[in-house]
Amino acid sequence: MDFGRTYTLGKISQIIKKEYIGDFDFPVKGINEIHNVKDGDITFVDHPKYYHKALNSDASIIIINSEEACPEGKALILSDDPFKDYNTIVEFFRTFKAGTKSVSESSSIGSGSIIQPNCFIGEQVRIGKNCLIHSNVSIYDHTVIGDHVVIHSNSVIGADAYYFQKKDGAYRKMKSCGRVIIKDNVEIGALCSIDKGVSADTIIGKGTKMDNHVQIGHDTTIGENCLLGSQVAIAGVTSIEDDVLIWAKVAINKDLTIGKGATVLATSNVDKSLKGGVTYFGSPAIEAKKKWRQLVKLKNLLKD
């Protein structure tokens, strides 16, 4: 998440009441998870296993629970609980504001767009031209929707990321400050759910179409002109490239890529990245031709 303007290290340290290593006026521009950081960002690390990765990442400010040597050009914030302090910063810049109207006055809706009764449109939402939002759709804060988008009834756009840390026998929620971005000419079926990014964006590419009951996890990117069948479930931080066809009841694991033009047949489970231009089937999914041969061999082995 970008803050929209530059803050100082001193100001950030005051928000969480923690000491820091660096100059008071050191510039701070945003906050992100380690896999999304860029220059000017804050990130956090709370385990020695990941100190090196965080300290040598593109992040400029690291919240850390050990007084490590500060790399040149960076700053550290010393914390006994980096996860908690990260959440405190997120809540400061993304303070929840309870809705008092069905459509927030801070949101914008383009010309020709139709919002059916009983929809909820949150703070700072942007909806483009000639969209059709059917009844009972909920669009959470900071969502961005392009032109000519159709969203069918009872879908939820921008719910929190499903992201928790286990500590002392209980789960702590990582606060979400990312967005959902839906490009032009997308159609989303009924009862779909698209989660916002934890700190970056969940993106649905131009021309992509979803059937009913589709779940898209946080920070996932769906390319252009993809088709997703009913009950597809895609975990977080996954990349689906352009022109991919995913048929009904496919489950896709996190942190992987499905290449351009791939087809994943119904009821498959994807546990690793798949090359483009190939048809896949099975659990775990492999090339469909290989799977068919395996099934024929198994059938022959089981003959009486």
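Salt bridges are my topic today, and a search of the whole structure finds 10 of them. The term denotes a side-chain nitrogen of Lys or Arg within 4 Å of a carboxyl oxygen of Asp or Glu. The model is a predicted one, in which local features need pLDDT of at least 70, side-chain atom pairs count only at pLDDT 80 or more, and totals for chains, interfaces and linings use all residues. Residues are numbered from 1 along each chain as its sequence is written, and side-chain values use heavy atoms, with hydrogens and water left out.

I begin with Asp 2 and Lys 38, whose side chains meet in a salt bridge at 3.0 Å, N to O. This pair links distant parts of the chain, 36 residues apart: Asp 2 lies in strand S1 (residues 2–8), and Lys 38 in the loop between strand S3 (27–31) and strand S4 (41–45). Strands (E, at least two residues) and helices (H or I, at least four) are DSSP runs, numbered from the N terminus. Lys 38 counts as partly exposed, at 37% relative accessibility; buried means under 20% relative accessible area, exposed over 50%, and partly exposed in between (1.4 Å probe, protein chains only).

The next pair is Glu 91 and Lys 175, with the closest N and O atoms 3.5 Å apart. Here, too, distant parts of the chain are linked: Glu 91 belongs to helix H3 (residues 82–93), while Lys 175 sits in the loop between strand S17 (170–173) and strand S18 (179–182), 84 residues apart. Glu 91 is partly exposed at 40%, as is Lys 175 at 30%.

Finally, Lys 101 forms a salt bridge with Glu 105, at 2.2 Å between the closest N and O atoms. Salt bridges that share partners also join Asp 2, Lys 38 and Asp 41 into one network.
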